[in-house]
Amino acid sequence: METPNAPNPEAAAPAGTSADINGRLGSLLGLIAQGDQEAFAEFYNLTSRRVFGMARRVLIDAELSEDTTQEVFLQVWQNAAKFNAAAGSPLAWLMTISHRRAVDKVRSSQSATDREAKYGANSQEIDHDSVSDEVGSRLEAEAVVRCLETLTDTQQESVRLAYYGGLTYREVAERLNAAVPTIKSRIRDGLIRLKTCLGVS
């Protein structure tokens, strides 16, 4: 099953009374449950703008809203047989799925942000203490220079800016026009290679 692309602003909105709309959507869900791709495409065309609108109201970000919309319709394709007309209308069922998906996306994004912040605070302290201090106290400058040469160019540049330039992860990222997680990864990998080269345990 190929999931349709992002919602088309020109896609037809459901026409007729609420009962007509839900009746049609209910019929389509029955066909979708049997694997009917044409029914799925029609269901998508009739409802994608509503789903995207719901996601956009919760998430604000257009790209995240498009991703969430696709996830919603993938769930519809996989779970159409679980729709229970006695529990509510097809549109209400779809909007409930949409809202839950959008809220889950918000929670997931916030959780990732929190983890990143915690990791940044911890890794900056640990990396600096375990490598920079040990290198400064235990090894000659020549050895450090020799081992720096074993790093990739991007690792060298990132490590030099962070530990010899005194820049924060964010400042290094801005200087190198790269994402903060990318810089953190470069520095972490570079420091691991330095420790191995320098024999720091």
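Where is Asn 177 found, in a loop or in a helix? Let's find out in these close-ups of a predicted model, where local features need pLDDT of at least 70, side-chain atom pairs count only at pLDDT 80 or more, and totals for chains, interfaces and linings use all residues. Residues are numbered from 1 along each chain as its sequence is written, and side-chain values use heavy atoms, leaving out hydrogens and water.

**View 1. Asn 177 sits in the loop between helix H7 (169–176) and helix H8 (180–198).** Helices here are DSSP runs (H or I, at least four residues), numbered from the N terminus. Asn 177 has a relative accessible area of 72%, so it is exposed (over 50%; buried is under 20%, partly exposed in between, with a 1.4 Å probe and protein chains only). Its phi is positive, about 55 degrees, although Asn 177 is not a glycine. Most residues other than glycine have a negative phi.

View 2. Ile 60 is not a glycine either, yet has a positive phi of about 70 degrees. Ile 60 is exposed because its relative accessible area is 58%, while Asp 61, at 36%, counts as partly exposed.

**View 3. Leu 25 is a buried residue of helix H1 (residues 18–32).** Its relative accessibility is 1%, which is why Leu 25 counts as buried. Leaving aside residues up to four places away in sequence, Leu 25 touches Phe 43, Leu 46, Thr 47, Pro 90 and Leu 91 (contact means heavy atoms within 4.5 Å). Between the C-alpha atoms of Leu 25 and Ala 39, 14 residues apart along the chain, the separation is 9.3 Å.

Conventions: Helix = DSSP H or I, 4+ residues; strand = E, 2+ residues; numbered from the N terminus.
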